[in-house]
Amino acid sequence: MMQTTADVVIIGGGVTGCSIAYHLAKAGFKDVVLLERTELTAGSTWHAAGGTGAFGGSANATFLHKYSFEIYPKLEAETGQSCGFHHVGEITLGRTEARVEQMKLHHTLAKRNGVETHWLTTEELLAKAPVMDPTTIKAALFEPSYGHVDPSGVTHAFAKGARDNGAVIYRQTPVLETNQRRDLTWDVVTPSGTIHAQRVVNAAGLWAREVAALAGIRLPLMPVEHHYFVTESIPEIEAMGHELPLIGDADAEYYMRQEGKGLLLGVYEDHCVHWAEKGTPLNFGHELLPNALERIERNLAQACEAVPCLGTAGLKRVINGPMIFSPDLAPLIGPYPGKANYWTACGVMTGFSQSAAIGMITAAWMSEGEPPMDVFMWDVARYGRWAGKDYAKARTGDMYATRFKTLYPYEERPAGRPVLTTPAYATYREMGAVFGASDGVEYPLWFAPKGVEAKDSLTFRRPNWWPHVGAECTALSEGVGIIDISTYGKHIVKGPKAHAWLERVMANKMPSRDGQMVLTPMLSPKGRLVGEFSVSQLSPEEFLLVGSGTADRYHHRNWEAYLPAEGVSVESMTTKLCGFSVSGPNARKLLEKLCDTDISTEAWKYGRVGRVQMGPAADAILSRVAYTGELGYEVLVPYNAHLPLLEALLRAGANLGVKLAGIRALNSLRIEKGYGAWGLEYAPDYTPFEAGMGRLVKFDKGDFVGRAAALKARDEAPRWTYRQFDIATTDAEPWGGEPVMREGRVVGYLTSAAYGHRVGHCVALGYMKGEHSDTTDGLYIDILGDRREVTVRTKAAFDPEGQRMRG
């Protein structure tokens, strides 16, 4: 008989669900139940190719991939269940100059993340992979921390480990309903009975959408078809004497590994075929989809040219199976915002590089109240309701079809866009804007002058927009410029308890009079950064918070844990308020033409905030602050006033030489000033003292979230120290993530970098390891294989005393 209560119910018995059950049980959870609708591995797990590797792109994703990669030998030893782990390494091949530059960037980033890579000569390549035709290969990079596993073996090893530690697994037990009780716990209804669960985890893989819908949740997921095939034994493989490494040959558009004495070869065809768009059939399980080899004929022809022995090999089996992806191909994990005690672990594309880590993260998050590191790149909170079915289909199709294409650090993919636009979108487009998107909202990156194509060139070196962003920076520093800031996160906190609540959740002292603004970090209970905001008092019971727009749902999920039953409300205004940053020596002259209030230096000092009439906007919020480091203001207005105010600003500023500027100009200016950005310099990986925000933590104000942990962090030696850098560059700048080296060792890393057009050289922000916080000599970074000198700055590169912005 099935049990009727559980601490955690996991829905889905693929590798991700079994990993979560294992990690929860190992972490000491005593009442863990996993429900599988048919048999373990049904869905996508059983037919996966099983590749696994340590490099994951970003530093934290790489840490998590490494965790997954390294667990398999330990899991085998612990459970006695073979994982079929083959630690063979991977060779990445480059056949074009662009691909080689991408590989150079990969090689550099891998150093920061502690992943070994090294270049192979042609002779070394053929020694490891004698089946390759090296004729058109320009470069080969070997990464030892790659391999492949048996998907079924890994899943059953996790399942056995979970059972050994007290978890219970029910097979042939589909979930029919998930109903939330008034106390925010869950009833999970199955044909065999109902389990009352404290928490539910949706790890249902191909059926994640259907399971989410039972709880009134819509997840941005879409299944796609994916082909790979396995050959019969090949004489050249039989004669090798060692196992072939994984081969990543993106220019020839295939991936390959050894399977038995033959080859397994997979492709991502350039026309993605979606499957089960309206819902995954409930009777699907250990089935495959019909083969459609005609879709991959071109890929196969290219693979046979690259690996000649493929041309004469017999086919043993062809796999066309469905996988389910999120719009950016990254997992959707963590507590679902606005749905207490409901967790997700879905959209796991590279299951055997990620599932073990997802289990570890979920267990730590549940037991400790927060994840052990910044996992926003996988957090389900990164997508709002704007990410609907059409968007998911367009983005997954594009990401799949371009899986083997060369991707560039600043590349903005157009698929599925626009989703959300501001009222000024069409006007910006007419004026030459090149757009990016943040949390679904389009915003200008830069403006192409007349006669210049409004399109990014794609290169790892200085792109076409470099001089035009420079001209925008000049306008912002010598005249007046307008930057759209509608994508900033904006929140209104109201109520008689609003001030007390803000004092509780923020680390700085809150404003105490109308018109006052403060900058503040927000901390987790463990004293780590989970937000940074400007907080402005509009009235004694109304406050404006401005922070990261991409973290809107992330922050609201955090606040949900601390909101009292009454006396305070928090409303997201991110899509309800639009705005502009107006900066430069003529910023005040421009705004004085439109504002009904005295905004002279004496009347409207730096940091003041208030409601004004600004031209056609009768209810504007004006802040005397600028992220540019220049004399500047930020103006927020209701959505419908956005375009009228822009038009009024352009008319009023015509004789002042007003110029529109994009976020790339703002990025350059803020780095020159040493101003950090959320998700780059500021993240849950750091304490406020490591991030240079210690002065904003006020221990004398009383208790606040994270106070005890922050006190401890203040008195401990920092693991990292926030630093500003100058970098000697020529025709290419770093993009962020590059390691800072000294005598061949990693001593720090960059988080942001840009050419500083005001100071005339490349500037960067980042961190130095604690033991190297005072190291200044012998520092360098690699940019596309070239060593570049790094100088540590103790003050901002531009206007270090802040005289211009207070002028």
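Student: Which residues do ring pairs link into a cluster?

Tutor: The model is a predicted one, in which local features need pLDDT of at least 70 and side-chain atom pairs count only at pLDDT 80 or more, whereas totals for chains, interfaces and linings use all residues. Residues are numbered from 1 along each chain as its sequence is written, and side-chain values use heavy atoms, with hydrogens and water left out. Rings of Phe, Tyr and Trp (its six-membered ring) pair if their centres lie within 6.5 Å, and planes under 30 degrees apart count as stacked, over 60 as edge-to-face and the rest as tilted. The cluster that ring pairs build here consists of Tyr682, Tyr686, Trp720, Tyr722, Tyr749 and Tyr767.

Student: How are the rings of Tyr72 and Phe85 arranged?

Tutor: A search of the whole structure finds 29 aromatic pairs. Since the ring centres of Tyr72 and Phe85 are 5.9 Å apart and their planes stand at 45°, the pair is tilted.

Student: How many residues apart in sequence are the parts that Tyr72 and Phe85 tie together?

Tutor: Helices (H or I, at least four residues) and strands (E, at least two) are DSSP runs, numbered from the N terminus. Tyr72 belongs to helix α2 (residues 59-79), while Phe85 is in the loop between α2 and β4 (86-87), so the parts tied together are separated in sequence by 13 residues.

Student: Are Tyr425 and Phe435 buried or exposed?

Tutor: These two form a tilted aromatic pair, with 4.6 Å from centre to centre and 40° between the planes, and they link helix α11 (residues 425-430) with strand β20 (residues 433-438). Buried means under 20% relative accessible area, exposed over 50% and partly exposed in between (1.4 Å probe, protein chains only). With relative accessibility of 14% for Tyr425 and 12% for Phe435, each of them counts as buried.

Student: Which residues does Ser438 contact, leaving aside its neighbours within four places in sequence?

Tutor: Ser438 also has its place in strand β20, and a relative accessible area of 13% makes it buried. Contact means heavy atoms within 4.5 Å, and with those neighbours set aside, the contacts of Ser438 are Tyr443, Thr487 and Thr550.

Student: Which strands stand at the edges of the six-stranded open sheet?

Tutor: Two strands pair if DSSP finds at least two bridges between them, and the sheet has mixed pairing in the order β29-β30-β31-β28-β22-β32. An edge strand has a single partner strand, so one side of it is left without a neighbour in the sheet, and this applies to β29 (609-614) and β32 (659-661).

Student: Which residue in β30 stands opposite Arg611?

Tutor: Strand β29 runs antiparallel to β30 (residues 617-623), and five bridges join them. The residue of β30 that stands opposite Arg611 is Ile621.

Student: What is the omega of the cis peptide bond between Arg417 and Pro418?

Tutor: Most peptide bonds are trans. Pro418 is found in the loop between α10 (389-401) and α11, and the cis bond that joins Arg417 to Pro418 has an omega of about -5°.

Student: What is the phi of Gln172, and what is that of Asn341?

Tutor: Most residues other than glycine have a negative phi. Gln172, partly exposed at 48%, lies in the loop between β9 (168-170) and β10 (177-180), whereas Asn341, partly exposed at 29%, lies in the loop between β18 (332-335) and β19 (342-346). Neither is a glycine, yet phi is positive, being about 55° for Gln172 and, for Asn341, near 65°.
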